Amino acid sequence: MTDETKKSPIKDLPETLPILPLRNSVFFPGAVMPLTIGRAKTIRLIEEATRDNTLLGIVTQRAPEIDDPETGDLYTIGTAARIIKLARTGREGFNIVVEGISRFHLDEVTETAPYFKGRVTQLVDSGETDVEIDALALNLKTTAREVIDMLPEIPVMAKQLLESIESPGHLADLITANIDATIEEKQKILEAVDLKDRLNAVLNLLSRQFEVMRLSNKINNQVRGEMSKTQREYYLRQQLKAIKDELGDKDDDEQGVEELEKRLMEVGLSEDAEKAARRELKRMKNMQPSQAEYTVARTYLEWLADLPWKKQSKDNLDLENARQQLDSDHHGLDKIKKRLIEYLAVRKLKDDMKGPILCLVGPPGVGKTSLGRSIADALGRKFHRLALGGVRDEAEIRGHRRTYIGAMPGRFVQGFKKAGTKNPVILLDEIDKLGSDFRGDPSSALLEVLDPEQNHTFADHYLDVAFDLSKVLFIATANQLDTIPGPLRDRMEIIEVPSYTSEEKLRIARTHLLPRQLEEHGITEDQMEISDALLMKLIRGYTREAGVRTLNREIGSVCRYVAVQVASYEEEGDFPKIVIDEKLLEDIKGPAKFTDEIAERTALPGVATGLAWTAVGGDLLFIEITKMGGKGSLILTGQLGDVMKESAQAALSWMRSNAKSLGLASSLEENFLDKVDIHIHFPAGAIPKDGPSAGITITSALISLFTGKCCRADTAMTGEVTLRGHVLPVGGIKEKVIAAHRGGVKRIIMPAKCEKDLRDVPQNVKDDIEFIFAKTLDDVLENALEGGHPAGKKIITQPRAQA
């Protein structure tokens with residue numbers, strides 16, 4: 001309260017007034033307000049005030065939540081009012097309408113029971129009317145008009161009432177009573193007795209409300225403009241839907257959603273998948289088909305409905321049938337056939353067995369891929385092939401997340417959709433040729449797929465729910481194991497698929513390749529005949545491979561020649577059978593591409609025949625060495641790896657250290673090797689070569705060169721050499737022996753510790769070859785050189801056993 005406030009007794013009122021506490025509002029002079037009376041004290045006050053026709057003192061509570069206020073809970077400035085209307089609402093309550101008369105100051109509360117009574121002093125507006133007050137009142141009226149114009153729900157009489165008010169104080173009180181402001185802000189205006197202060201305060205409040213309303217209207221207009229089109233489309237679609245419902249005509253999309261929902265309920269989803277499907281269905285039903293999210297949701301649900309969550313094929317567990325099926329499709333391959341029979345036997349005894357994860361490793365063309373399909377046929381399962389060669393993106397395995405445009409599940413989930421069952425045979429072709437780049441490492445993603453302890457809850461990023469892979473029979477194929485990461489290799493059961501011998505190729509050609517080529521070219525057995533001898537010539541003279549792919553193409557070229565003759569035949573009667581003989585074969589195919597060149601290449605000193613292992617099987621390796629005047633340098637050519645270079649250096653060092661014992665140095669010139677340069681060359685220089693197994697071959701060629709003795713033409717060798725002249729074991733014996741047999745080799749020198757590896761070599765190959773098992777270089781030289789050991793005795797002393 002300001003210093004200019006004047007206090008004077010109200011002549012029309014008694015010195016004391018009954019005090020009515022008011023919650024959640026501030027009452028102003030000149031205002032009319034309806035009140036609901038419910039508190040016991042207040043009811044008593046209204047009854048006595050009505051009976052005595054007295055005025056009320058209405059004072060706002062400081063804390064509206066207090067139901068029974070004390071003296072200190074009331075403001076000291078209030079409004080005197082009279083009751084202009086009263087109505088009972090029951091035995092305990094009134095509805096009254098009061099009209100404000102004047103401000104007052106509550107000097108003292110004289111009674112608190114049965115209701116508040118207090119001594120009051122009237123407050124009169126201070127400050128004389130001047131130009132500034134008139135200007136403030138005019139601005140207040142103008143702003144109030146603008147506010148009323150922005151509120152179309154306010155009746156026209158409100159504007160008329162505003163225009164009829166001439167008193168600035170009454171104008172300020174009326175506007176404050178009707179604007180949106182806090183209790184504290186309104187109470188401050190009630191306490192402002194100075195007109196200028198009151199008008200300024202009300203103008204600030206009203207201007208703030210006007211700005212808020214103006215901004216709110218602007219935002220509403222923007223939102224309404226954006227939503228009007230959508231709302232209109234939604235309204236029209238709802239009308240169209242109602243019309244179609246009345247006609248019994250549902251659109252294709254709605255019918256498709258109902259069909260999709262039915263499929264999802266019948267497909268046998270897992271618990272997590274069913275929750276995801278219901279959630280996505282609910283979202284999709286609340287979207288319009290024209291929305292982009294609708295298509296994404298529907299595609300996802302289609303994938304869930306298409307997957308075989310429960311459907312699986314019944315295994316054919318007849319062991320004899322499986323044997324017959326595999327034998328009819330493939331010759332040999334006894335290891336993998338045995339492993340499959342073992343799997344079927346266990347499945348027959350234990351129905352819930354997890355599917356094995358097999359990895360067939362072998363050179364190209366030996367039937368690894370086609371064996372996977374034969375296994376599926378023998379089991380009675382669906383077959384799906386995944387070509388992993390060159391795959392570099394992890395999403396190819398796990399799928400893309402649905403946040404990406406064009407997201408799709410991974411190849412495994414796609415494979416299940418195509419197979420239609422949850423227990424197919426899945427062939428992981430060329431698993432050794434997986435790549436990796438900035439998009440991830442697919443081989444790491446395969447760890448979960450190929451782990452029997454984890455793959456029952458395989459998580460595809462697109463599906464985002466677990467899918468069971470434990471019933472799948474996985475078969476991987478690879479040409480070599482070196483490029484397969486260790487953790488991935490550890491999860492697979494490795495089965496080596498060997499190279500074919502010439503005899504095996506002959507049987508495969510006669511029983512499989514030739515009948516297939518005749519059928520593919522439309523030729524019957526009555527029109528063409530080829531003997532086993534000519535087939536063997538095709539095998540040995542026109543192909544040199546571990547498998548039978550090239551042989552299949554060569555047989556195809558012969559069939560095409562016969563097909564041309566049959567198609568050109570115009571004489572009457574049946575076509576005379578064409579019998580392929582050696583001359584006709586050379587006319588069709590030309591001269592033989594491969595000949596037995598071992599005798600020719602080893603006819604000179606310094607040349608030896610070795611055996612090598614490659615990713616496509618075994619092969620013969622010729623080593624040529626020559627010497628010339630120089631400074632004792634060693635020259636190596638033929639695109640060699642570091643290990644093979646070290647083997648050559650070790651062989652040379654052994655020869656130099658034992659030159660005198662070998663009879664290579666005369667008594668007059670023991671260091672003659674210091675004046676000789678040695679050049680070791682490995683032909684086929686375009687092919688990279690590496691490994692330690694050429695050690696004894698290099699040594700034999702060196703000794704052959706310096707002694708003038710040729711290496712035996714019918715002998716090939718393999719083994720690692722040490723500086724002490726010992727022969728160490730090497731790998732790939734089976735492939736090397738088969739390659740030697742294919743090349744016409746009759747004798748093979750190999751490390752003694754590799755004798756055990758011959759058990760995997762076909763018996764017919766072992767029958768054709770003499771095996772010499774060497775422990776030291778003395779054993780090698782004795783059997784490799786014509787005429788035996790150059791020194792005529794052993795020069796390597798074996799260590800004695802210690803007592």
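**Close-up views of a predicted model**

**View 1. Phenylalanine 575 and its ring partner, tyrosine 569.** Phenylalanine 575 has a relative accessibility of 16% and therefore counts as buried (buried means under 20% relative accessible area, exposed over 50%, and partly exposed in between, with a 1.4 Å probe and protein chains only). The structure is a predicted model, in which local features need pLDDT of at least 70 and side-chain atom pairs count only at pLDDT 80 or more, while totals for chains, interfaces and linings use all residues. Residues are numbered from 1 along each chain as its sequence is written, and side-chain values use heavy atoms, with hydrogens and water left out. Tyrosine 569, at 26% relative accessibility, is partly exposed.

**View 2. Aromatic pairs, with tryptophan 309 and phenylalanine 467 as one example.** The structure contains seven aromatic pairs (rings of Phe, Tyr and Trp, the last by its six-membered ring, pair if their centres lie within 6.5 Å; planes under 30 degrees apart count as stacked, over 60 as edge-to-face and the rest as tilted). The ring centres of tryptophan 309 and phenylalanine 467 are 5.0 Å apart and their planes stand at 65 degrees, so this pair is edge-to-face. The two residues come from distant parts of the chain, 158 residues apart: tryptophan 309 is in the loop between α9 (292-306) and α10 (319-329), and phenylalanine 467 is in strand β12 (residues 466-467). Helices (H or I, at least four residues) and strands (E, at least two) are DSSP runs, numbered from the N terminus. Tyrosine 569 and phenylalanine 575 also form an edge-to-face pair, at 5.3 Å centre to centre and 90 degrees between the planes. Ring pairs join Trp309, Phe416 and Phe467 into a cluster.

**View 3. Threonine 176 in helix α4 (residues 168-178).** Threonine 176 is buried, because its relative accessibility is 0%. Its side chain reaches the backbone oxygen of alanine 172 at 2.7 Å. Apart from neighbours within four places in sequence, threonine 176 is in contact (heavy atoms within 4.5 Å) with Phe28, Lys186, Ile189 and Val202.

**View 4. Helix α23 (residues 695-707).** This helix has 13 residues and spans 18 Å from its first C-alpha to its last, close to the 18 Å expected at 1.5 Å a residue (the expected span is 1.5 Å times one less than the number of residues). Of the 13 residues of α23, 12 are buried, among them Gly695, Leu702 and Phe706. Glycine 708, which follows α23, has a positive phi, near 80 degrees.

Notes:
Polar contact = N/O pair within 3.5 Å; in protein donor to acceptor, adjacent residues only side chain to side chain.
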